[in-house]
Amino acid sequence: MDSSVLVESRSHLVAGVLFGAFATVALLLFTGTAHAAQQSLGLVATAEPVPMNCNDEGCVAELSSFCLQQERESPTHHTPYHVVGGHGLWLHLTVADGGRRTVPAKGFARLVSTRGFTAIEANVSTADMATLGAVKVSIEVGNLVTLFPASIPDDPNPITAAEEEHAKGPARRLAASIFESPDGLGANINILDRAINSLTTPTHLSDQGRLDFWRQVAGVPLELAVDRSTRRAAEVFTGCLDDFWRKREFGLRICLESGRYEMLTKATFRLWSAQAAGNYIPTQAVDKSKPTAVDKSKPSNFLGL
């Protein structure tokens, strides 16, 4: 077996242990009524579409999320979610002849939780790709997108209409002041999302290859990633490179996922503190009420590494 594949396999084992521990802690800290509706979530708006990775079973991408309801239980693995507020999700399609078009994701993208409240997996089936006539797809998240878990039969504590209005209204606008704030948190998360979704298979990259990979997903050389829109993502990436240079057996994608998990968790704790204090800071986020126009002169941001 190729050594790089062995490293990636071991890293997945390590990651499973780590994220299993994270999930256990989350359940101990934030457990609500058993078998009741779980937390509503927000999705971090994307500056550009995130590549979805396709195989014979369909296409998938991970999107960054955060919790809007501390008092409810953290979502278990693969809890189904649906959009209840915000400016929606959009699929950017490439068809067989190279043409491109954009359609609403509703009815095509299935959303499920992964790693507690910090990530949502979006799936488009092979059948739906055929219906859409698409050979490649990426997904875009608009502003203020709010997700609710699917209804549970005989739910002893369902989400009320008042909870829904608060989550997709005041709570989500408060979250925008943190996750789409001028300090660049959302931009840094976007970089990590693009990197994570571009590392689709066990891959061995040279030191220079990793630096080139960073430049492709961030748009600037690593040594110049010092402004607020890139600095925190660069710190995560540099820490992962340090793991490689110290010859720790930890796959690059798993390392980036761990760094993003920590970033999202800390920001969610900030949101909860702001909610408890009754704070509200208006956001000046970029208007993403409409999908980003497709620029046919630019290559796809799917790296296929």
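Predicted model: local features only at pLDDT ≥ 70, side-chain atom pairs only at ≥ 80, totals over all residues.
Residues are numbered from 1 along each chain as its sequence is written. Local features need pLDDT of at least 70, side-chain atom pairs count only at pLDDT 80 or more, totals for chains, interfaces and linings use all residues, and side-chain values use heavy atoms, without hydrogens and water.

**Exercise 1.** State how many helices and strands the protein has, and what share of its residues is buried.

Solution. 
- The protein has seven helices and 11 strands. These are DSSP runs, numbered from the N terminus: helices are H or I with at least four residues, strands are E with at least two.
- Of the 305 residues, 49% are buried. Buried means under 20% relative accessible area, exposed over 50%, partly exposed in between (1.4 Å probe, protein chains only).

**Exercise 2.** Describe how helices α4 and α7 pack.

Solution. 
- Helix α4 spans residues 185-198, and helix α7 spans residues 252-277.
- Their angle is about 155°, and their axes lie 10 Å apart.
- α4 and α7 are therefore roughly antiparallel; that label applies to angles over 145 degrees.
- The contact (heavy atoms within 4.5 Å) includes L185 and I189 of α4 and L256 and M263 of α7.
- Nine of the contact residues are nonpolar, two polar and five charged.

**Exercise 3.** Is L211 buried, partly exposed or exposed, and which residues does L211 touch beyond its neighbours within four places in sequence?

Solution. 
- L211 sits in helix α5, residues 207-218.
- Its relative accessibility is 31%, so L211 counts as partly exposed.
- Leaving aside those neighbours, L211 contacts L222 and L241.

Technical notes
Axes fitted to C-alpha atoms, helices over the stretch in contact; angles between N-to-C directions. Parallel < 35°, antiparallel > 145°, perpendicular 65-115°, else oblique. Nonpolar A, V, L, I, M, F, W, Y, C, P; charged D, E, K, R; others polar.
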